[in-house]
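Hi there,

Here is the structure I promised to pass along. Have a look at it first, and then read on for my notes.

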Amino acid sequence: MRTRRSWLMTAAMVGVALLVAVVPALAAELFGTVKTVNPDEKTLVVVEKKSGDEVTVTITEKTVFINPKGKQAKKFDLENFKKREGKARVRIEHEDGVASKITLTPKKKRGGPEE
């Protein structure tokens, strides 16, 4: 009887571990250029790189911003970011249109290979 319980406990722990590993992977990833910034509503409209579709993403207090150098920004001002409309290239991890992580991609170097 003891063996059956330990096997059941092990199977349950493996199931929970898989669930914890898979849930973060469910977030969608979006690559594109920021078309518009609305600081009042805390939203970004991003033109997706491959399809050209416009996607609206909401920003919350929990959204993490990563600068082009790969470091987390301590403070991110949407009013200031509005100046980069049409120019800023981003990678956004989001779930149901709510951004969890926004990474600003570095500018392409001139003369380098195209993506």
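The protein has two helices and six strands, and its elements follow the order α-β-β-β-β-α-β-β from the N terminus. Please keep in mind that this is a predicted model.

First, some overall numbers. The protein has 115 residues, of which 22% count as buried. Its exposed surface comes to about 9000 Å², with carbon and sulfur atoms supplying 57% of that area. If you take the contacts with a separation of 6 or more, 50% of them are between residues 24 or more positions apart.

Now to the charged pairs. Side chains of opposite charge can pair when their charged atoms come close. How many salt bridges does the structure hold? There are five. One of them joins E29 and R91, with the closest N and O atoms 2.8 Å apart. Because E29 sits in strand 1 and R91 in strand 5, this pair ties together parts that are 62 residues apart in sequence. E29 is partly exposed, at a relative accessible area of 42%, and R91 also counts as partly exposed, at 22%. The pair belongs to a network of salt bridges that links E29, R91 and E93.

Another salt bridge runs between E54 and K35, where the closest N and O atoms are 2.4 Å apart. Here E54 comes from strand 3 (residues 54-58) and K35 from strand 1, so the pair ties together parts that are 19 residues apart in sequence. Both partners are partly exposed: E54 has a relative accessible area of 48%, and K35 has 40%.

K82 and E85 also meet through their side chains in a salt bridge, at 2.9 Å from N to O. K82 is partly exposed at 36% relative accessible area, and E85 is partly exposed at 26%.

Next, a residue in strand 2: V45. Is V45 buried or exposed? With 16% relative accessibility, V45 counts as buried, because the cut-off for buried is under 20%. Leaving aside neighbours within four places in sequence, V45 is in contact with T33, V34, K35, T36, E54, V55 and T56. Two names in that list, K35 and E54, are the salt-bridge partners described above. As for T56, its C-alpha is 4.4 Å from that of V45, although the two residues are 11 apart in sequence.

The loops gave me a few things to note as well. In the loop between strand 1 and strand 2, K42 has a phi near 55°, a positive value in a residue other than glycine. K42 is partly exposed, with a relative accessible area of 38%. Where is D40? D40 is in the loop between strand 1 (28-38) and strand 2 (43-48). D40 is exposed, at 72% relative accessible area. On the surface, D40 gathers with E41, D77 and E79 in a patch of negative charge.

D96 is another residue other than glycine with a positive phi, again near 55°. D96 lies in the loop between strand 5 (89-95) and strand 6 (98-104), and at 77% relative accessibility it counts as exposed.

That is what I have for now.

Best wishes

Methods. Residues numbered from 1 in each chain as written. Predicted model: local features only at pLDDT ≥ 70, side-chain atom pairs only at ≥ 80, totals over all residues. Heavy atoms only, no water. Patch = residues over 30% accessible without salt bridge, like charges linked within 9 Å, V, L, I, M, F, W, Y side chains within 5 Å. Areas by Shrake-Rupley, 256 points an atom, 1.4 Å probe, with all protein chains shown as cover. Salt bridge = Lys/Arg side-chain N within 4 Å of Asp/Glu carboxyl O. Lys, Arg positive; Asp, Glu negative; His and termini not counted. Charge placed at Lys NZ, Arg CZ, Asp CG, Glu CD. Helix = DSSP H or I, 4+ residues; strand = E, 2+ residues; numbered from the N terminus. Buried < 20%, exposed > 50% of the residue type's maximum accessible area, 1.4 Å probe, protein only. Contact = heavy atoms within 4.5 Å.
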